Amino acid sequence: MKRNVLLFLALLAGCNGSTTIPAGPGSGSIPWAGFAGTAQHAADSNAQPQALNAIHWRVTVDASPPSLPNFNAVTAHYGSPVITPANTAIVPVKTTAAGGYGVEAHSGSGGTLLWRFVGDYTSPIQSFRLTQPSYNAVLTPTGRVYFPGSGGKLFYRDNPDSAQGAVQTAVFYGASAYAGAKSTYDANVTISTPLTADAHGNVFFGFYVSGPTPLQLQSGIARIDPSGHGTWVSAATAAGDPSMIEFQTNSAPALSNDGTTLYAASENPNLYTGDMLALDATTLKTKGKARLLDPSDNLPAAVVDDATSSPTVGPDGDVYFGVLEAVFPQHNDRGWLLHFDSTLTHAKIAGSFGWDDTASIVPASMVPSYTGSSSYLVMTKYNNYYGLGTGDGKNRIAILDPNATQPDPVIPQVTVMKEVETILGVTPDPQWPTGFVEWCINSAAVVPSAGAIFVNSEDGKLYRWDLRSNSFTQRIMLAPPTAESYTPTVVGPDGQVYAINDAVLEVVGN
């Protein structure tokens with residue numbers, strides 16, 4: 001069967017179906033700076049979480065969510081809320097079926113709308129995509145919030161906690177060039193990844209070019225500094241391969257712990273293959289490269305624009321990235337969590353799940369039962385989709401040891417990361433015998449001080465997973481069960497937990 005048919009089936013399955021973590025560049029004192037919290041995508045919070053007792057307030061993040069005909073399914077990825085140190089929640093929103101992308105700033109304590117800006121952004125148009133891409137904001141340590149506009153430009157606003165403030169623009173290829181051919185750039189250049197910021201206020205993102213421009217831009221990755229000066233490199237140049245014509249849509253670039261290296265996935269969208277690249281975070285020159293390979297057969301793994309899998313950088317500098325298997329559904333559409341050293345020279349032990357998930361970092365001290373030697377563990381989704389390959393519908397989430405091994409639970413001939421703790425979904429799925437409703441996160445929220453991880457499920461509930469007892473100690477119904485593309489969870493500085501269900505952001509606490 002053709003890959004696009006298989007991916008359509010995969011979408012139905014996927015959508016219905018002791019150490020101190022360094023703060024790292026881009027995190028600073030910001031409780032949640034962007035997708036997966038930090039520039040390394042560790043997704044950790046220093047707050048003491050509130051109990052999941054009540055929904056305090058909510059925001060509709062999509063006024064007209066896309067769906068599959070005849071399915072109770074939302075086919076959109078949604079951007080992560082950004083939470084400031086003063087507890088202002090900056091929420092990406094879409095106001096119409098055609099677009100109307102922007103942000104709303106709400107008081108975290110009660111949800112009062114402080115300010116709102118809807119710009120001119122339009123989604124990237126790729127040759128094949130089944131889901132609406134996410135729209136994301138990022139907050140720098142200097143207190144500036146950035147979010148995408150049309151033509152590859154960024155909107156930004158200083159003092160985001162204030163109800164009053166001007167929204168300004170920055171263009172990575174030059175404001176004068178944009179002004180001289182605005183309609184051309186608006187039609188042909190689109191920011192296509194979440195934004196990532198470093199400790200100095202530089203912002204990184206991928207962009208997609210669909211037609212000719214006066215500057216002959218090619219799809220690539222860009223960097224804008226706080227003064228508005230931009231640098232960019234094409235995906236083909238960065239990869240040293242003309243077939244790698246873009247960076248993966250929805251995949252947020254990640255920074256090394258010292259902020260000197262940027263990691264991002266280049267992609268050949270015609271063959272669904274890709275490379276992980278290590279770029280100099282100042283010049284964007286290539287420092288390292290690794291072909292993304294399926295560990296079961298050494299064939300090129302599938303890299304697709306319908307996933308939001310983003311690189312995660314561990315405290316030791318190792319790089320983790322989720323992909324689909326090369327031959328579908330050889331691994332039950334679970335994909336793999338690929339694992340590299342910081343230079344991308346050495347491929348390390350892979351994890352047994354990677355599809356549309358960004359690994360979160362878990363200090364080993366959070367799991368009292370753990371007796372291994374790793375200073376940190378990784379948390380990932382661990383679904384086993386019913387009816388795909390040998391999938392039995394026993395959908396789980398998991399804590400894995402990145403340095404210990406076991407036989408893969410699906411393909412035992414393959415060695416993968418050892419399971420430290422796994423926990424099965426709670427709600428039986430009436431569609432499948434033996435099946436449980438799957439987990440719908442693309443990034444979990446980890447709270448080391450509480451020994452807990454927060455995740456949401458397609459059963460409509462938000463769960464608190466206590467790693468000390470390996471049990472769900474709290475849960476709350478957000479909305480009726482809805483099949484949806486995967487969404488992030490977030491913890492604010494006051495301990496409220498943010499989760500998206502059925503195109504609505506729900507804010508939960510005591």
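Buried, as the word is used in these legends, means under 20% relative accessible area, and every view shows a predicted model.

**View 1. A salt bridge joins the side chains of K94 and D62.** The nitrogen and oxygen of this pair are 3.0 Å apart, and both K94 and D62 are buried. Because K94 belongs to strand β4 (residues 88-94) while D62 sits in the loop between β1 and β2 (73-74), the pair ties together parts that are 32 residues apart in sequence.

**View 2. R291 forms a salt bridge with D275.** The closest N and O atoms of R291 and D275 are 2.4 Å apart. R291 lies in strand β20 (residues 286-291) and D275 in strand β19 (residues 273-280), so the contact ties together parts that are 16 residues apart in sequence. With 35% relative accessibility R291 counts as partly exposed, whereas D275, at 0%, counts as buried.

**View 3. S45 is found in the loop between α1 (3-15) and β1.** S45 counts as buried, because its relative accessibility is 4%. A polar atom of the S45 side chain lies 3.1 Å from the backbone nitrogen of A47, and the residues that S45 touches include W32, V446 and P448.

Note on methods
Residues numbered from 1 in each chain as written. Predicted model: local features only at pLDDT ≥ 70, side-chain atom pairs only at ≥ 80, totals over all residues. Heavy atoms only, no water. Helix = DSSP H or I, 4+ residues; strand = E, 2+ residues; numbered from the N terminus. Buried < 20%, exposed > 50% of the residue type's maximum accessible area, 1.4 Å probe, protein only. Polar contact = N/O pair within 3.5 Å; in protein donor to acceptor, adjacent residues only side chain to side chain. Contact = heavy atoms within 4.5 Å. Salt bridge = Lys/Arg side-chain N within 4 Å of Asp/Glu carboxyl O. Lists of a residue's contacts leave out its neighbours within four places in sequence.
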